[in-house]
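Trainee: Please pick one part of this structure and take me through it closely. I would like one connected account.

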Amino acid sequence: MRQINPSVKVITILLSALIISFSPSVFWNAAIIAICFVSLLVSGCISRKVLNVLLPATLASLSIFMALLLRGGSGEEAFESSGNFLVVSSSASNLNDALAVALRIYAYAFLGMLFSFTTDSQAFVYSLMQQCHLDAKFAYGVLAAWNLLPMIRREYSQIKLALAVRGLKIRPWSMKPLFTALVNAMHWAENVAMAMESKGFDENAERTYYLNLSVRYYDFLWAIFMIAASMAWIWL
């Protein structure tokens, strides 16, 4: 998965997510989840990060599943006139719909992890520049902002520590440390812009790349496989 071109990967995953949003099939939603899980396992990306993503996905899936299961096919099936509010509908079609939508949430989560956990951020931006012709100024601005994020987090922690040393009580919702960190980030952004101009950066000039990416035959094979797997419920 790490060898797949990032632009091909993101387009394929977005198309797959769009296609399965119309899928009423429990089996094929589960099949997409299994494909993504095996791909993550082969890529060595099964770790605690996966559990961190699956926890909110599980809560969302269970909530939607119970909501669809309790509503029933009609008002009389789900809510009896006797006053019993939580009556689960026994309709097979209602159970199938609830499972399909709940598994769809999991499918979205696994598709997102398949992209984010197997794609290098710099390679993704370079791919957008080379294959999708993204404007160089915007692309390098995104890279600069991405690389500044660790510095902003570290600055935010240091500002909170400095205020605590001075005896100032900082509440969790206080905006003072965040505002100071953002001001410093603006100064860093200006320094980065000046450094790029001093190095002769020209967004309209012809440029070479340290990392050259291309679309190969296995990128197309993987894209065709994923889209075909997402559309299989239409024909079966």
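**A close look at one helix**

Mentor: Leaving out residues up to four places away in sequence, Ala98 touches Phe65, Leu68 and Leu69. Touching, or contact, means heavy atoms within 4.5 Å. This is a predicted model, so local features need pLDDT of at least 70, side-chain atom pairs count only at pLDDT 80 or more, and totals for chains, interfaces and linings use all residues. Residues are numbered from 1 along each chain as its sequence is written, and side-chain values use heavy atoms, with hydrogens and water left out.

Ala98 sits in helix 5, residues 92-116. Helices here are DSSP runs of H or I with at least four residues, strands are runs of E with at least two, and both are numbered from the N terminus. Ala98 counts as buried because its relative accessibility is 0%. Buried means under 20% relative accessible area, exposed means over 50%, and partly exposed lies in between (1.4 Å probe, protein chains only). Ala98 and Ser61 are 37 residues apart in sequence, yet 9.3 Å apart in space, C-alpha to C-alpha.

Now step back. The protein has nine helices and zero strands. Of its 236 residues, 32% count as buried. Take contacts between residues at least 6 apart in sequence: 78% join residues at least 24 apart.

A nonpolar core is a set of buried Ala, Val, Leu, Ile, Met, Phe, Trp, Tyr and Cys residues joined through side-chain atoms within 4.5 Å. The largest one has 22 residues, and Ile32, Leu40, Phe110, Leu111, Met113 and Leu114 touch the most other members. Helix 1 (6-20), helix 2, helix 3, helix 5 and helix 9 (217-235) each give two or more residues to this core. Helix 5 supplies the largest share, six residues.

Look at Met113. Apart from residues up to four places away in sequence, Met113 touches Leu40, Val50, Val53, Leu54 and Thr118. There is also a second, separate core of seven residues, and Val125, Met129, Tyr140 and Leu143 are among them.

Next come the rings. Rings of Phe, Tyr and Trp (its six-membered ring) pair if their centres lie within 6.5 Å; planes under 30 degrees apart count as stacked, over 60 as edge-to-face and the rest as tilted. The whole structure has four aromatic pairs. One of them joins Phe37 and Phe110 edge-to-face, at 6.4 Å centre to centre and 75 degrees between the planes. Phe37 lies in helix 2 and Phe110 in helix 5, so this pair ties together parts 73 residues apart in sequence. Phe110 counts as buried at 5% relative accessibility. Phe37, at 37%, counts as partly exposed. Phe115 and Phe124 also pair: their ring centres are 5.2 Å apart and their planes stand at 80 degrees, so the pair is edge-to-face. Phe115 counts as buried at 19% relative accessibility.

Finally, check the record. For "transmembrane region", an unreviewed UniProt entry lists residues 12-38, 50-70, 98-117 and 217-235. UniProt positions follow the numbering used here, feature names are shortened, and annotations may be inferred rather than shown by experiment. In the model, residues 50-70 are 100% helix and 0% strand, with end C-alpha atoms 30 Å apart. Residues 217-235 are also 100% helix and 0% strand, and their end C-alpha atoms lie 26 Å apart.
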